[in-house]
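I open the notebook here and set down, entry by entry, what I looked up and what I found.

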Amino acid sequence: MSESRFFEPPSGMTIGEIVALTGAQAKPGTDLSRHVTDIAPPDRAEAGDLTFVESGKFLDALKSTRAAACLIGERFEFDAPDNLVVLRSRQPQADFTAVARKMYANALRPVSLFGITGIAPSAVIHPSARIDKAATVDPGAVVGPNAEVGSGTVIGATAVIGPAVRIGRDCSIGAGCIITHSEIGDRVIVHPGCRIGQDGFGFVPDRKGHVKIPQIGAVIIHDDVEIGVGTAIDRGAMRDTVIGEGTKIDNMVHIAHNVVIGSHCLIAGQSGLSGGVTIEDFVMFGGQVGVAPQLTVGKGARLAARAGVITDIPAGQDTGGHPAIPQRRWLRQQIALEKLVTRDK
Amino acid sequence: MSESRFFEPPSGMTIGEIVALTGAQAKPGTDLSRHVTDIAPPDRAEAGDLTFVESGKFLDALKSTRAAACLIGERFEFDAPDNLVVLRSRQPQADFTAVARKMYANALRPVSLFGITGIAPSAVIHPSARIDKAATVDPGAVVGPNAEVGSGTVIGATAVIGPAVRIGRDCSIGAGCIITHSEIGDRVIVHPGCRIGQDGFGFVPDRKGHVKIPQIGAVIIHDDVEIGVGTAIDRGAMRDTVIGEGTKIDNMVHIAHNVVIGSHCLIAGQSGLSGGVTIEDFVMFGGQVGVAPQLTVGKGARLAARAGVITDIPAGQDTGGHPAIPQRRWLRQQIALEKLVTRDK
Amino acid sequence: MSESRFFEPPSGMTIGEIVALTGAQAKPGTDLSRHVTDIAPPDRAEAGDLTFVESGKFLDALKSTRAAACLIGERFEFDAPDNLVVLRSRQPQADFTAVARKMYANALRPVSLFGITGIAPSAVIHPSARIDKAATVDPGAVVGPNAEVGSGTVIGATAVIGPAVRIGRDCSIGAGCIITHSEIGDRVIVHPGCRIGQDGFGFVPDRKGHVKIPQIGAVIIHDDVEIGVGTAIDRGAMRDTVIGEGTKIDNMVHIAHNVVIGSHCLIAGQSGLSGGVTIEDFVMFGGQVGVAPQLTVGKGARLAARAGVITDIPAGQDTGGHPAIPQRRWLRQQIALEKLVTRDK
């Protein structure tokens with residue numbers, strides 16, 4: 001890559017180290033001591049970079065790449081230029097990612113935006129809060145009474161941590177986050193501007209004025225969760241809202257009260273989960289999905305972007321459309337509808 | 001409920017006090033002096049708790065509940081275990097909510113996240129701002145010139161109140177809110193991270209560069225409004241954007257310039273109201289609804305989740321789909337479309 | 001307009017000055033020295049105001065307007081009351097906007113919410129940051145190491161500017177914005193609560209736990225861009241996310257990693273652009289549009305509100321529906337579907 005204002009240049013790795021890390025295969029005679037300086041996609045690579053090719057999409061770029069070495073699937077090997085060090089891989093993107101994680105270890109989770117460790121003088125910490133000595137609190141952050149922040153965790157600038165909130169070890173809480181009524185595990189990344197733990201939207205409708213239902217549950221976020229900017233997670237009404245281990249949530253997702261999300265789900269941007277929804281493990285959401293109240297989405301189901309879910313979804317089902325139905329069925333509906341227009345002409 | 005880190009345990013009520021508060025009926029011979037300690041749904045209730053059953057959904061939980069007493073509709077009474085104190089109610093959820101509001105009075109609106117009253121030393125208050133002596137300003141908040149904050153109101157940590165903004169009595173302005181060009185009534189709850197009063201999206205399109213139209217209106221928010229996290233309300237262009245009394249708005253709703261919303265509407269999460277839209281009183285929105293510019297949605301209409309409104313909607317109409325049409329008509333369209341696919345096979 | 005708490009009353013202009021500014025034509029004998037005090041729509045105008053009529057929608061208001069003068073299309077002139085000074089215009093709204101921009105020059109971009117110039121004492125500026133002497137930093141803002149802020153730029157209250165971020169001249173960065181890993185041009189307006197430059201949503205899915213891909217690109221925002229509240233722009237994975245010159249983006253838009261947007265686009269609220277999407281110049285988005293990953297939307301295309309784009313869109317095409325197709329075709333589909341229901345009865 002070209003030099004970045006924002007990341008330290010990596011110290012690089014040898015071909016031998018890359019082979020050892022990834023299990024990729026170098027051709028006999030490859031100089032394993034050769035040094036690779038950085039990583040880049042094939043079209044942006046400069047001399048000394050490692051790149052990768054996983055699909056045919058980058059074949060043209062491959063032919064003219066300036067990269068020094070390439071993690072590549074067997075079927076594309078013969079398209080590589082002669083001077084490129086070819087590293088045969090059964091999973092080039094995953095192997096490339098392993099190298100990227102090694103070279104850019106500092107980019108794996110957000111760090112202090114002020115370049116500090118410890119508590120910034122301008123942070124406002126309640127005397128009863130317990131901040132681990134190895135935690136960092138950036139300028140302007142506010143930590144309330146009896147809150148707990150674990151070792152290695154970074155609380156971003158101007159973030160607000162409410163009373164009795166517990167945050168585990170090695171977390172990154174982004175700048176400007178507002179977190180109340182929550183217990184957060186270890187290695188959780190919350191990107192800037194999330195609001196977690198506020199009242200759910202609960203009212204008894206009434207013609208004289210809707211009556212607010214007190215929201216007395218909490219939010220529980222398990223280990224290794226990652227949450228994108230501006231996402232909202234309401235606390236439960238009389239239960240807890242729960243985000244399972246390893247689940248990754250994109251930007252501006254709305255998670256209402258009493259939602260329970262399993263482990264290792266992927267939820268893309270601007271999706272909305274209504275009150276009381278259950279999402280089982282390994283479910284994948286495209287962007288802008290909506291799920292109506294109290295429904296269950298079964299284990300491993302995949303919801304296409306923009307799916308509008310108004311019934312329970314069985315485990316493993318690919319689902320799309322609004323109302324959401326099996327994805328192939330939805331596609332056939334669209335074809336039928338188009339035929340109808342043609343016929344009507 | 002199990003003990004919470006986040007809420008004071010309630011002091012409880014007697015059966016007699018519950019009967020007096022709700023009008024529910026105890027069986028003859030019930031010990032009205034018996035003390036109920038907390039509230040919970042049937043499946044989570046512990047010894048001493050009050051619970052409620054409004055629908056058949058919780059019948060199984062009812063049969064094995066550990067609760068001490070239950071607000072319950074007449075038709076479910078015989079499913080109650082013998083040792084449960086049965087309180088017959090025509091509206092169990094509403095009655096239960098009345099008890100919840102009494103027991104958890106502190107949860108009815110957000111309070112200081114720093115456990116303070118008055119103005120935190122780290123808050124930055126312009127000398128010309130007028131903050132009532134009985135208002136609270138949390139750490140890191142910023143209040144601009146000539147702003148006014150009424151008695152009993154809480155301004156959350158790091159919230160920013162712009163010049164000349166007026167906020168009434170007993171309001172809660174959430175942490176991290178940015179409010180400018182606005183007049184806000186009494187008992188208004190604005191949850192964290194809302195932005196209210198910024199420029200609307202107004203441009204004269206031009207091939208040489210779109211020309212910004214100055215936005216010189218304001219935002220008017222009437223009494224008893226509640227607004228969810230991350231919601232945006234733009235100020236008017238040359239009129240005011242208005243939110244009517246008692247209207248409740250969920251998270252991440254987008255309200256453009258010149259929108260006028262009536263009283264006692266309910267607007268669910270991620271809905272978007274385009275410029276100049278008029279929403280009459282008592283309209284209900286599901287989640288992710290969109291309304292195109294300048295349209296009117298009539299009194300008491302209900303917009304199903306994901307409705308895409310591109311025409312005026314008559315008063316009282318249940319509406320769904322995109323383009324939005326009467327909800328039952330939309331459902332029939334979906335059935336017809338599915339038949340078409342089956343037929344085509 | 002009625003007097004505003006939020007804007008200084010304008011000093012007004014003469015009819016002659018308005019004619020000179022806009023090229024509108026006054027009737028022979030019009031008193032060009034007459035003073036117009038303010039601007040307003042026809043129905044809200046008071047004595048002394050300038051108004052405009054561009055379409056038939058405001059004809060009734062025109063007949064009873066109290067305005068002193070009116071920019072108006074030729075075909076509506078005869079509907080104007082006798083005492084109204086008529087200024088014939090071929091583009092009344094654009095001409096009116098020119099006057100509005102002159103009278104309310106202070107409303108063209110957000111200014112300090114604390115009424116200051118220079119750096120507020122409560123702002124936290126890293127010693128290595130370079131803030132131009134003619135820049136303003138509002139209370140509670142945080143500016144990190146090696147960040148650069150140009151002349152005339154305003155950094156809003158509690159905004160956070162990360163390490164090495166570059167912001168040009170005469171920009172407005174709204175209160176509560178969090179900006180990292182970004183280079184921003186001149187005259188850019190970022191409204192409150194935007195998050196720009198955070199990690200994109202990139203994982204290698206894995207049954208043992210999804211593996212985070214380091215995001216080592218940046219965000220590049222060119223001159224004269226405007227961005228609405230709460231919008232998210234993720235930095236690139238190994239490229240840059242780019243927003244082209246003069247593009248205007250509304251509230252709560254989600255722009256994923258590696259998106260490249262051309263010049264002079266208009267993107268309405270709550271739209272979402274998936275990773276790697278390319279938007280060419282002069283594209284217009286309605287609200288709540290979604291574009292699937294890696295697609296291209298051609299120059300000058302217009303995407304109707306709620307369009308769900310799952311294929312490349314040719315230049316200039318009006319597009320709507322989900323899956324998005326030519327807008328007229330989508331409308332015909334809707335008609336055909338409705339006929340089908342009628343037929344089925």
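Before turning to helix pairs, I note the convention for handedness: a crossing counts as left-handed if the near helix is turned anticlockwise from the far one by less than a right angle, and as right-handed if clockwise. I also keep in mind that I am working with a predicted model.

**Entry: helix pair in chain B.** With that convention I looked up H1(B) against H3(B), and the crossing is right-handed. The two helices, residues 15-22 and residues 92-103 of chain B, have axes that come within 10 Å and cross at roughly 120°. On the H1(B) side I listed Ile18(B), Leu21(B) and Thr22(B), and on the H3(B) side Asp95(B), Ala98(B), Val99(B) and Lys102(B). Sorted by class, the residues of this contact are four nonpolar, one polar and two charged.

**Entry: helix pair in chain C.** I then looked up H1(C) and H3(C), which pack at an angle of about 120° with their axes 10 Å apart, and their crossing is right-handed. Here Ile18(C), Leu21(C) and Thr22(C) of H1(C) meet Asp95(C), Ala98(C), Val99(C) and Lys102(C) of H3(C). The class count for the contact of H1(C) with H3(C) gives four nonpolar, one polar and two charged residues.

**Entry: nonpolar cores.** Which residues have the most contacts inside the largest nonpolar core? I found Val137(A), Val143(A), Val143(B) and Val143(C), in a core of 238 residues. I followed up Val143(B) and, leaving aside neighbours within four places in sequence, found Val143(B) in contact with Ile125(B), His126(B), Ala129(B), Ile131(B), Val137(B), Val149(B), Ile155(B) and Ile161(B).

**Entry: domains of chain A.** I recorded that chain A is divided into domain 1, spanning 13-107, and domain 2, spanning 124-329. Taken over C-alpha atoms, the centres of these two domains of chain A are separated by 37 Å.

**Entry: chain A against chain B.** How many residues of chain A are in contact with chain B? I found 52 residues of chain A in contact with 53 residues of chain B. On the chain A side, strand E21 (203-204), strand E22 (211-212) and helix H4 (327-344) each supply at least two residues, and the largest share, six residues, comes from H4(A). By class, I noted 25 nonpolar, 21 polar and six charged residues on the side of chain A that touches chain B.

Key. Residues are numbered from 1 along each chain as its sequence is written. Chains are lettered from A and ligands numbered from 1 in the order in which they are written. This is a predicted model: local features need pLDDT of at least 70, side-chain atom pairs count only at pLDDT 80 or more; totals for chains, interfaces and linings use all residues. Domain bounds come from an automatic or database domain assignment. Two residues are in contact if their C-beta atoms, placed from the backbone, lie within 7 Å. Helices (H or I, at least four residues) and strands (E, at least two) are DSSP runs, numbered from the N terminus. Ala, Val, Leu, Ile, Met, Phe, Trp, Tyr, Cys and Pro count as nonpolar, Asp, Glu, Lys and Arg as charged, and the others, Gly among them, as polar. A nonpolar core is a set of buried Ala, Val, Leu, Ile, Met, Phe, Trp, Tyr and Cys residues joined through C-beta atoms within 7 Å. A residue is buried if 20 or more other C-beta atoms lie within 10 Å of its own, exposed if 12 or fewer, and partly exposed in between; C-beta atoms are placed from the backbone. Axes are lines fitted to C-alpha atoms, for helices over the stretch in contact, and angles run from 0 to 180 degrees between N-to-C directions.
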